[in-house]
Amino acid sequence: MDYKSSGVDIEAGYKSVELMKQYVKTTMRPEVLGGLGGFSGAFSLEKIKDMEKPTLVSGTDGVGTKIKLAFLMDKHDTIGIDCVAMCVNDIACAGGEPLFFLDYIACGKNIPEKIAEIVKGVSAGCVQSEAALIGGETAEHPGLMPEDEYDLAGFAVGVVDEKDLITGENLKPGDVLIGMASSGVHSNGFSLVRKVFDMTVESLNTYYDELGATLGETLLAPTRIYVKALKAVKEAGVTVKACSHITGGGFYENVPRMLKEGTHAVINKNSYPVPPIFTLMAKKGNIEEHMMYNTYNMGLGMIVAVDPSDVDKTMEAMKSAGDTPYVVGTIEAGEKGVTLC
């Protein structure tokens with residue numbers, strides 16, 4: 001008897017590493033020390049010496065049950081972007097610059113080509129966020145997970161000068177809320193999505209005129225990464241007073257997290273286009289509007305608050321990074337919370 005006969009194929013692990021190296025190389029930054037395959041990833045902090053008070057910020061997350069769609073569609077090259085996005089968007093939301101990322105893949109059986117496709121997506125997300133993929137782990141779990149399934153999680157570390165942290169402490173009535181368009185459902189609320197739609201290959205391959213794509217293509221669209229947009233806003237000389245990454249819990253849970261006591265966010269639901277996937281989901285699942293806004297991003301993946309005098313500069317900076325911004329509301333005096341009208 002040997003390890004392979006128990007369900008763990010060490011040789012497959014070696015092959016996975018070789019296949020993924022070409023993707024990992026695309027994420028490298030000058031600060032990365034050493035190569036892939038060591039016991040830990042090394043990253044030089046030489047460049048942050050110029051900061052007054054360098055502060056590390058971190059984020060960790062997975063992609064939830066969206067991963068089930070990747071199984072059904074046998075498409076594994078974008079789910080890694082979702083994993084990176086969920087981590088680095090949180091770092092950017094605090095004003096940080098993502099530095100490096102590590103992934104963790106647990107699988108029932110290590111199929112090197114599939115693992116490489118997953119890491120291809122992770123690498124693409126790292127390139128989009130300018131973070132280096134400096135390490136990771138692929139763990140084979142025979143008997144614990146079905147052979148054709150896997151789970152994916154990640155961890156990112158970033159840095160920000162303490163004076164540039166986005167905390168909401170300087171927020172005041174009259175400040176303007178600007179939202180950036182999402183790419184769709186992103187990576188939250190898929191347990192409900194899977195209740196609304198039949199999760200079969202036939203259903204996911206169904207083309208919808210209102211979506212302009214198949215259901216599967218629309219739902220599996222990777223989460224938008226906003227790192228470059230927020231970096232462009234900072235480089236334009238704009239101070240972002242508060243920022244909210246619209247993830248699980250939608251508007252009602254996430255927007256209040258950006259506010260300080262005594263401030264209230266008012267968002268106009270008609271100030272931007274709601275992607276048709278949300279309209280279709282609400283109709284097909286008979287989901288009330290409040291629940292939709294309390295679960296999904298409804299077309300806005302990130303919301304920032306800026307001074308009224310900075311609105312034009314903020315919008316232009318976001319557009320220059322390839323994002324689509326909308327003026328969606330204002331800050332008022334009142335009880336900490338959000339009103340959608």
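Student: Which residue follows α10, and what is its phi?

Tutor: In this predicted model, α10 is followed by N286, with a positive phi near 50°. Helices here are DSSP runs of H or I with at least four residues, strands are runs of E with at least two, and both are numbered from the N terminus. Residues are numbered from 1 along each chain as its sequence is written. Local features need pLDDT of at least 70, side-chain atom pairs count only at pLDDT 80 or more, totals for chains, interfaces and linings use all residues, and side-chain values use heavy atoms, leaving out hydrogens and water.

Student: Which residues of helix α10 are buried?

Tutor: Start with the general idea: an α-helix has 3.6 residues a turn, so residues three or four places apart point the same way. Buried means under 20% relative accessible area, exposed over 50%, and partly exposed in between (1.4 Å probe, protein chains only). In α10, residues 276-285, the buried ones are I277, F278, L280, M281 and A282.

Student: What do the buried residues of α10 pack against?

Tutor: Contact means heavy atoms within 4.5 Å. The buried residues of α10 pack against α5 (190-196), β8 (207-208), α7 (215-220) and α11 (289-293).

Student: Where is K172 found, and is K172 buried or partly exposed?

Tutor: Look in the loop between β6 (150-161) and β7 (176-181). K172 is partly exposed, at 35% relative accessible area.

Student: Which residues does K172 touch, not counting those up to four places away in sequence?

Tutor: K172 touches K241, D307 and I331. From C-alpha to C-alpha, K172 and I331 are 6.7 Å apart in space, yet 159 residues apart in sequence.
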